[in-house]
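Open the model in your viewer and keep the selection tool at hand.

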Amino acid sequence: VQVVESGGGLVQPGGSLRLSCTTSGVIFNIAVVGWYRQAPGKQRELVASISRLGNTKYADSVKGRFTISRDKARTTVWLQMNSLKPEDTAVYYCNAGTAEAINQMDFDSWGQGTQVTVSS
């Protein structure tokens, strides 16, 4: 699966950003899509996922602040991030696969990710 992440940047605490994850083909039609993040010195973690049927899941640390969604054509998945905190600073990645692959981060490759920095 080839995906491209975009939309990161520098934002003040309390601010918002919307990340985009795009792919070609019909991958998002049949797969679960997950947004991950990796902060310096920390392991990569799953922050949100959306299933083929539109069911969503969130890490406890982002519940109520982040929203994952997708377009009708199912070529783009967004991560709307509100009320950002300094601890949200990380490189954010997306990927697609089976539910098991999403949970186990079992992928052949990753995109370049997009940097999110929350700082005053």
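In what order do the four strands of the open sheet run? The order is β1-β3-β8-β7, and the pairing is antiparallel. Strands here are DSSP runs of E with at least two residues, and helices are runs of H or I with at least four, numbered from the N terminus. Two strands pair if DSSP finds at least two bridges between them.

This is a predicted model: local features need pLDDT of at least 70, side-chain atom pairs count only at pLDDT 80 or more, and totals for chains, interfaces and linings use all residues. Residues are numbered from 1 along each chain as its sequence is written, and side-chain values use heavy atoms, without hydrogens or water.

Now show β1 with β3. They pair antiparallel over four bridges. Pick Val4: its bridge partner in β3 is Thr22.

From Val4, jump to Gly111. The two are 107 residues apart in sequence but 6.1 Å apart in space, C-alpha to C-alpha. Gly111 sits in the loop between α2 (99–104) and β10 (114–118). Beyond neighbours within four places in sequence, Gly111 contacts Val3, Glu5 and Tyr93; contact means heavy atoms within 4.5 Å.
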